[in-house]
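Have a look at the structure first.

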Amino acid sequence: MTAVGAVAAIDGPWGAAGAALLGVVVGSFLNVVIYRLPIMLQRRWAAECTALRPAAQGSSVDGVAAQAPAPRFDLLTPRSHCPACKTPIRWYHNVPVLGWLLLRGRCAACGTRIAWRYPAVEALTGAAFAVVFARYGMAWTTLAWWGFVAAVLALAVIDWDTTLLPDDITLPLIWAGLVVAALGVGGVALTDALWGAVAGYLSLWSVYWAFKLVTGKEGMGYGDFKLLAALGAWLGWQALVPIVLVASALGAIVGLAMRALRSLREGRYVPFGPFLVFGALLVWWLQPERALGLMGLTG
């Protein structure tokens, strides 16, 4: 095979297959992030509250209540295990998608059901990586958008589970979008990315305060502002209107369906982040100009 033929093969089906395989592996790590990061945040907040608590309660060292150190818990430690019986997962059961199929969706030790969402996140990440590769081929742009896809998928699932959009992901995502635009590898001009971040944040911030002034209630969290700012930084200010329209329409449909099925969580609300992510991925796929045209917002 000639060098030209080898490059063509890599940029073709074999390259897409390799991208999908990489995406499935990344998706397996995203499952760890989705499960552990909210717990890490809760523990961090609890530790901060403990540090601020008056020292009168129990013995203290330098004004901080003495406590036994908690076991290490982060994205790497402890190793993967069954949440029910705590049995460590064997490496061959931890193979993305295939491990879940091999176990038929149940823990090998105690038989507890393993949620189908784990292989779904892995498969979805693999498909998204393949689609990105199919569009850009072997390029730095592909690497940048792989990072974007991984981050927003993790944010969408975390928000759905916990109504949290962690700053640990949203803030680096904003800066990454601006840096990628400055380097010219994201396909969006730096000016468009900058104003996308500004307009994304201020638009939902304005809606939040208008709603609160009228109703006295909070209609969304600050994480939504930061997420839309990140989406604007990556896709440009032109993408914001179609993203919000798609997210609002889909969120309303899902909210009404959940209300009809009586499956709304306490407080009767639906997280907005997952729908913003869906809107962003759809607009990325269509491109902002085409998305606006399909919505009848351009001449």
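## Aspartate 159 and its neighbours

Leaving aside residues up to four places away in sequence, aspartate 159 touches Leu164, Leu165, Asp224, Pro271, Phe272, Gly273 and Pro274, where contact means heavy atoms within 4.5 Å. Aspartate 159 sits in helix H5, residues 140-162; helices here are DSSP runs (H or I) of at least four residues and strands (E) of at least two, numbered from the N terminus. With 4% relative accessibility, aspartate 159 counts as buried. For that label, buried is under 20% relative accessible area, exposed is over 50%, and partly exposed is in between, using a 1.4 Å probe and protein chains only.

A word on the ground rules: this is a predicted model, so local features need pLDDT of at least 70 and side-chain atom pairs count only at pLDDT 80 or more, while totals for chains, interfaces and linings use all residues. Residues are numbered from 1 along each chain as its sequence is written, and side-chain values use heavy atoms, with hydrogens and water left out.

## H5 against H8

H5 and helix H8 pack at about 160°, with axes 12 Å apart; the axes are lines fitted to C-alpha atoms, for helices over the stretch in contact, and angles run from 0 to 180 degrees between N-to-C directions. That makes H5 roughly antiparallel to H8, a label for angles over 145 degrees.

On the H5 side, Ala144, Trp145, Phe148, Val152, Leu155 and Asp159 meet Asp224, Leu227, Leu231, Trp234 and Leu235 of H8.

## Helix H9

H9 covers residues 240-260, and its 21 residues reach 30 Å from first C-alpha to last, close to the 30 Å expected at 1.5 Å a residue (1.5 Å times one less than the number of residues). Its buried residues are Leu240, Pro242, Ile243, Val246, Ala247, Gly251, Gly255 and Met258. What covers them includes H5, H7, H8, H10 and H11. Just after H9, arginine 262 takes a positive phi of about 55°.

Arginine 104 has phi near 55°, lies between H3 and H4, and is exposed at 75% relative accessible area. Threonine 163 has phi near 60°, lies between H5 and H6, and is partly exposed at 35%.

Then there's a cis peptide bond between threonine 77 and proline 78, with omega about 0°. Proline 78 is in the loop between strand E2 and helix H3.

Terms used:
Angles under 35 degrees count as roughly parallel, over 145 as roughly antiparallel, 65 to 115 as roughly perpendicular and the rest as oblique.
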